Amino acid sequence: MSGPHLRGADASSGTPGEDAPLPEVPLASVPRPAAAEGDRVSTQDRLALGRLAATVERLRGEVRAAHAAAEGRALVELAKGVIVERLGCGPAQAARQLAELAERAGLSQLELAADIINQAARDRVAEAAGEFVRTTVGEPGSPGPVARADASVAVRLRTAESAALSASDTQSVAESLLAHALEPLGAVAVAIWTTGPDASLTLCGHAGFGSDEAARWHYVPPGVSTAARHALTDRRTVWYPSLAAAGVPSIGRARHPEGGRVVVPAGTGGRIHGVLEICWARPLEPQPQAVERQIEALAELCAHTLEARSAPAEPTRSPVASGHGALELAELADGLYDPVLVLAPHLDETGRLADFRIRHANPHFQDPAGRPRSAVEGALLLEAYPGTAGERELFERIERVYATGEPFRSRRTRLTALVDQVPLSSLADISISRHGDSVLLVWRVEDEAARLANLLQHAQRLGRIGAFDEDVLTGEITWNAQLFELFGRQVTEPAVSLRDLAAHAHPDDSGTIRRFLQSVLHQRRAGSMAFRLLRHDGVVRHIRVIAEPTLGADGGLQAIRGAFQDISAQHWTEVALTATRDRLAATEEEAEERNRLTLQLQHAIMPPAKPPLDAPGLDVAVRYRPAESESLVGGDWYDAVVLPSKKVLLCVGDVAGHGVEAATGMVVLRNALRGLAVTGAGPGQLLAWLNGVAHHLTAHVTATAICGLFDPEARTLRWARAGHLPPVLVRAGEAADLPLLKGMLLGALAEAEYEEAEIRLEPDDTVLMYTDGLVERRDTSVQESVTQLLAVAGMPADSLERRLDLLLARSKSDTDDDTCVVGVQVT
């Protein structure tokens, strides 16, 4: 057997391996070459170094050969024992027979010994070697390379097996597996994990990984998702072509990030004792089935090693409990108040888990078929209860618990395979746990009546309902605990009879109680009422009582059953809702009256229709469209008036906001602009003065506006804008915006300047001024809406009035804003 720092020889060829480390040589014993002139090493020094290297290599080969011989000697001695048993000869004759057979077959004694052991054992190792030959070389028995390949695989696996079985610890087992069986497959490292009863993982052996890496991965707590955990949970071999690509953490991932992994559960007889994890330095290509068989054989070898290490009890095939631990488990099951089955694994001829045998059934277990417990004990689970296999995968759960040791708990699960004598609506809590080599299956059937009573109790508590039963003949009154709490009385105090209910109620409710008792006690009809309960602690509760009489065989009144419910929260909620509705109704009436007055004020100052304007050489038309919602009275305004200078003032504006404040601000600005226009100032100066009015003489009013002065004699239009959209000029069937002059909105600053522009109008030219209600849309940008407005404005129209009507018809507002349009046409 190889030590912890030595690799074994290639047993198939008898030649030393290539990766065994050198023996430790003290650095002080290595002669240092003397420095020649120019730091050059002399020829004599180079020869000395060469001789030293050759000596070290020779010693390394001798060490490897010695270990190879020691490891192979166990196989040879085992083969001699097989020959002694089969031929009935002595050890010396068996040795001579082995040597003669090897010489005739052209094999080494080690190769022949491995073949003899395979023939005698017929185990997983022999299957793996035969599978390798059949899939990669040919049929066994053929001469030449076939026999050599068969011997090579068999020798490697048998050498690894003998080294592992003779190893003193799992660490040595890991090193032997890597050296003898896995390195020929290209693997560079191996880890052996053992599982705990809580499904944790402990690294008990490793090779090819650094000591620091192994220390970090010494223990993996339950629930941590690693490569080994996936194999343990799934109970199958997991192949990772690249561990990094799979995104699964594991030992050695930092050193071999792109390497492949194979993780195999190591178990025997259906019980997993640990996990074998094999690491490759490069991505792992799909492997033939022969290699998979070899790896499974090595995992089974690890399982036997881990089983011997933990020394568990052998699974018994006896139908009755045996052993001190089994007797204690049976006594524990008998002490439980729930039905319990103690199950033991049942293995088939190949040693695989096939079923579970019922070791013991406690006295609370009742067989659905009526069989006594003695007839059930000793039977196989699937034979006694075939429905277990399909009962929510119950049998698979038992297998998993036995394999991994991780207990299973499930609440409110239907379990009819073992307890089908209970109603189908019943549910059970299931508990499965492993104890030694046995599995404890416990279930608790939920009592349907108790469950319904529990639900009713919770419903009464949440609904604040208390039940009562009053025997009219004997006077006995029964209250539940909730009713005592409802009345504020101790359970030791006497209950209150229905006839005495008026003494505990508000005096104003005495008439209601009297009519209720008349209906129930005398007319013998079910009834209900609501009253105010006056408790001893001064608390007043609003209570609804529901009662119905119970009549005897002679038709006489025997008892009254019913319930009291605390409806105080509902009562006060209804009171609060009623008050809220009254306040809302008053508020709505006030809002409607306010909006009506505001709308009347707006229409009185600026009516939707304006009489024709007497301006020679100019047609003027206006349109005003109020907002669709009458509750949103806006601040849009317009004006068209002939000044004393015979010039025509044209303006539109929009005050920010809605309601009375906006309407009031609109009136102030409109009237102020009329008064300022009499001075004969230009539109820019008028807007500057109007800005001062908005800033100083109003309560924080801001607005946009356009102001224009038309000279009928010169047919010129001078105009300025304050944050407003520019006017539209329609000439010869084409509509276009006038320039966007500089000008801040009104009221923002104390002082502001406004740019002016002048345009000479030609006959039939039309100028349109409008507020943003004409183009503002919720789902459309302003620029897109203006483009659509220009397209509509350029359409042919019989008159100016017709053109404005067309604009309003094609521009439907959806922003609850007023719209003002002023149009002038030169005649």
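**A walk from one loop outward**

Let's start in a loop: Arg235 sits between helix H8 and strand S4 (helices, H or I of at least four residues, and strands, E of at least two, are DSSP runs numbered from the N terminus). What you're looking at is a predicted model, in which local features need pLDDT of at least 70 and side-chain atom pairs count only at pLDDT 80 or more, while totals for chains, interfaces and linings use all residues. Residues are numbered from 1 along each chain as its sequence is written, and side-chain values use heavy atoms, with hydrogens and water left out.

Arg235 isn't a glycine, yet its phi is positive, at about 55°. Most residues other than glycine have a negative phi. Arg235 is partly exposed, with a relative accessible area of 27% (buried means under 20%, exposed over 50%, and partly exposed in between, using a 1.4 Å probe and protein chains only).

Step off the loop and you land on a sheet. This open sheet has 6 strands in the order S3-S2-S1-S6-S5-S4, with antiparallel pairing (strands pair if DSSP finds at least two bridges between them). At its edges are strand S3 (219-220) and strand S4 (238-240), each pairing on one side only. Helix H8 (residues 227-234) packs on the sheet, touching strand S1 (187-195), strand S2 (201-207), S3, S4, S5 and S6 (contact means heavy atoms within 4.5 Å). The direction of H8 makes about 140° with that of S6; angles run from 0 to 180 degrees between N-to-C directions, with axes fitted as lines to C-alpha atoms, for helices over the stretch in contact.

Now follow S4 to its partner. S4 and S5 pair in the antiparallel sense over 3 bridges, and Trp239 stands opposite Val262 in S5. On to S6: strand S5 (residues 261-268) and strand S6 (residues 271-280) are antiparallel too, with 8 bridges. Val264 faces Leu276 in S6, while Ala266 has Gly274 as its bridge partner there. S5 and S6 form a hairpin with 2 residues between the strands, where Gly269 takes a positive phi near 60°. As for S5 itself, 7 of its 8 residues are buried, so it is largely enclosed by the rest of the structure.

Just after H14, Gly405 has a positive phi of about 80°.

Strand S11 (residues 438-445) is the next stop. Of its 8 residues, 6 are buried, so S11 is largely enclosed by the rest of the structure. Strand S7 (residues 340-347) runs antiparallel to S11 and is joined to it by 4 bridges, with Val340 opposite Val442. Strand S10 (residues 428-435) is also antiparallel to S11, through 8 bridges, and Ala428 has Val445 as its bridge partner in S11. S10 and S11 form a hairpin with 2 residues between them, and Gly436 in the turn shows a positive phi of about 65°.

In strand S15 (residues 540-551) you'll find Leu551, which is partly exposed at a relative accessible area of 43%. Leu551 and Arg524 are 27 residues apart in sequence and 8.5 Å apart in space, C-alpha to C-alpha. Setting aside neighbours within four places in sequence, Leu551 is in contact with Arg524, Gly556, Leu557 and Gln558.

Asp764 has a positive phi, near 75°, and isn't a glycine. Asp764 lies in the loop between strand S24 (756-760) and strand S25 (766-770), and is exposed, with a relative accessible area of 56%.

Then there's a helix pair. Helix H21 (residues 782-793) and helix H22 (residues 800-810) pack at an angle of about 145°, with their axes 10 Å apart. Leu789, Val792 and Ala793 in H21 meet Arg803, Leu806, Leu807 and Arg810 in H22.

Finally, zoom out. The protein chain has 22 helices and 26 strands, and buried residues make up 45% of its 827 residues. Of its contacts between residues at least 6 apart in sequence, 59% join residues at least 24 apart.
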